[in-house]
Amino acid sequence: MPFLRTRTRTRSAALGVAIAATTTLFVGGTVQAAPAQTSQSDISVQGYIPGKDVVVGQCKGWLNKRTSDGYVQALGQSWNNHECLFVLQRKRVGSGGYDWKAVSNAYWILNAKKATGYHWNGTNAGSRVCLWNYTTGGSACGDAAW
């Protein structure tokens, strides 16, 4: 049992570093909430936005769009024991614009599928999903949905 406790602590510490690295990598160390958002919702593929996917190793991220109001959500999936983190980012152009920043929490996945809540994606604003594969050390973001 001591080995199990040590391994769990090591994995937890490493995952904490990974989350911190992901936040720094994706958003320069700041995470801000969207102007309006809902809680985590169903992980269905209704409203799937084609061409915005990202794959790193055996981790995948993609976007859904809610047709009633245009809000978007990021979804992530992991398979074959790849540990991954994903986050939804937004960028605004024009007056009051800003560069890419996280608008959702970072979600950890291992052989599972999860989704963020739906977040605002309006005029002059684009959204994308970014993921980090803890197993391979690779990271990438999908194309933006405007």
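Trp146 lies in the segment that follows β9 (139–141); strands here are DSSP runs of E with at least two residues, numbered from the N terminus. Trp146 is exposed, at a relative accessible area of 54%, where exposed means over 50%, buried under 20% and partly exposed in between, with a 1.4 Å probe and protein chains only.

Before I continue, please note that this is a predicted model, in which local features need pLDDT of at least 70, side-chain atom pairs count only at pLDDT 80 or more, and totals for chains, interfaces and linings use all residues. Residues are numbered from 1 along each chain as its sequence is written, and side-chain values use heavy atoms, with hydrogens and water left out.

Which residues does Trp146 touch, leaving aside those up to four places away in sequence? They are Lys91, Val93, Asn121, Asn124, Ala125 and Gly126, contact being heavy atoms within 4.5 Å.

I turn now to the largest nonpolar core, which has 16 residues. Such a core is a set of buried Ala, Val, Leu, Ile, Met, Phe, Trp, Tyr and Cys residues joined through side-chain atoms within 4.5 Å. Leu63, Ala74, Phe86, Leu88, Val129 and Leu131 touch the most other members. Strands supplying at least two residues each include β4 (83–92), β6 (107–110) and β8 (125–133); β4 gives the largest share, three residues.

Finally, β4 and β6 pair in the antiparallel sense over four bridges, where pairing requires at least two DSSP bridges. Leu85 has Trp108 of β6 as its bridge partner.
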